[in-house]
Amino acid sequence: MSNTPMAASPLTRAVLEIDEYVSGLGWDQPARLFALVDTARLRAQEPALAAQLGLEDEQESSGLTPIEQEEIPAGKPLDEFLGTIAWPDAVAGCALTVERLMLPPSAEAQVPEGLSDKKLTQWVARHPDRQEVRMTVAVLRDGTRDSALRLREKDSPTEVLTGGSLVPGLAEALAATFED
């Protein structure tokens with residue numbers, strides 16, 4: 001965690017760590033899913049894995065360690081994929097990064113009515129005010145949420161917007177992965 005603020009909550013630090021990692025891979029990446037595990041518990045219960053992840057010397061005891069999961073299947077809608085996930089008890093939370101096109105609120109009045117999802121996607125892709133955004137959204141079992149948004153045109157760690165309610169629909173979908 002090189003650029004994450006130490007005063008931030010453990011969840012915010014994990015979200016920013018994931019954002020930094022994925023930003024290092026560049027844009028036009030597939031969605032990525034991460035399990036969030038309690039760092040102290042990981043060191044105690046899985047010392048070999050903790051050493052492999054470089055966590056054996058960390059002093060902080062309240063952190064979360066993101067562990068990237070297998071690749072999300074291409075061609076499967078994200079909501080359907082998330083509906084198939086069940087996390088073991090050792091997982092404290094999860095996070096997802098996904099890139100999307102976004103329009104400013106001022107463009108909402110311009111959206112033609114009656115477009116299918118495919119046609120709407122095409123319309124947004126051609127809109128002159130569209131922006132590419134990478135969203136990193138995380139939730140914990142207790143319902144705590146945080147997210148980071150990075151615009152492609154302002155691709156800098158100092159321009160990342162964070163907050164718990166930035167992407168409520170995706171946060172809800174991730175929270176549902178912890179329901180029985």
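A residue counts as exposed when its relative accessible area is over 50%. In this predicted model, D79 has a relative accessibility of 59%, so D79 falls in the exposed class. D79 lies in helix α4, which spans residues 78–82. Along the chain, D79 and E159 are 80 residues apart. Their C-alpha atoms are separated by 28 Å.

The predicted model also contains an open sheet of 6 strands. The strand order is β2-β1-β3-β4-β5-β6, and the pairing is antiparallel. From one strand to the next, the twist averages 20 degrees.

Strands of a sheet pair through backbone hydrogen bonds, in either a parallel or an antiparallel manner. Strand β4 covers residues 131–140, and strand β5 covers residues 145–151. These two strands run antiparallel and are joined by 7 bridges. Within this pairing, V137 has S147 of β5 as its bridge partner.

Two helices that pack on the sheet are described next. Helix α1 (residues 10–23) packs on the sheet and touches β1 (32–38), β2, β3 (93–102), β4, β5 and β6. The direction of helix α1 makes about 30 degrees with that of β5. Helix α6 (residues 168–175) also packs on the sheet. The strands touched by helix α6 are β1, β3, β4 and β5. The direction of helix α6 makes about 35 degrees with that of β4.

Technical notes. Residues are numbered from 1 along each chain as its sequence is written. This is a predicted model: local features need pLDDT of at least 70, side-chain atom pairs count only at pLDDT 80 or more; totals for chains, interfaces and linings use all residues. Side-chain values use heavy atoms; hydrogens and water are left out. Two strands pair if DSSP finds at least two bridges between them. Helices (H or I, at least four residues) and strands (E, at least two) are DSSP runs, numbered from the N terminus. Axes are lines fitted to C-alpha atoms, for helices over the stretch in contact, and angles run from 0 to 180 degrees between N-to-C directions. Contact means heavy atoms within 4.5 Å. Buried means under 20% relative accessible area, exposed over 50%, partly exposed in between (1.4 Å probe, protein chains only).
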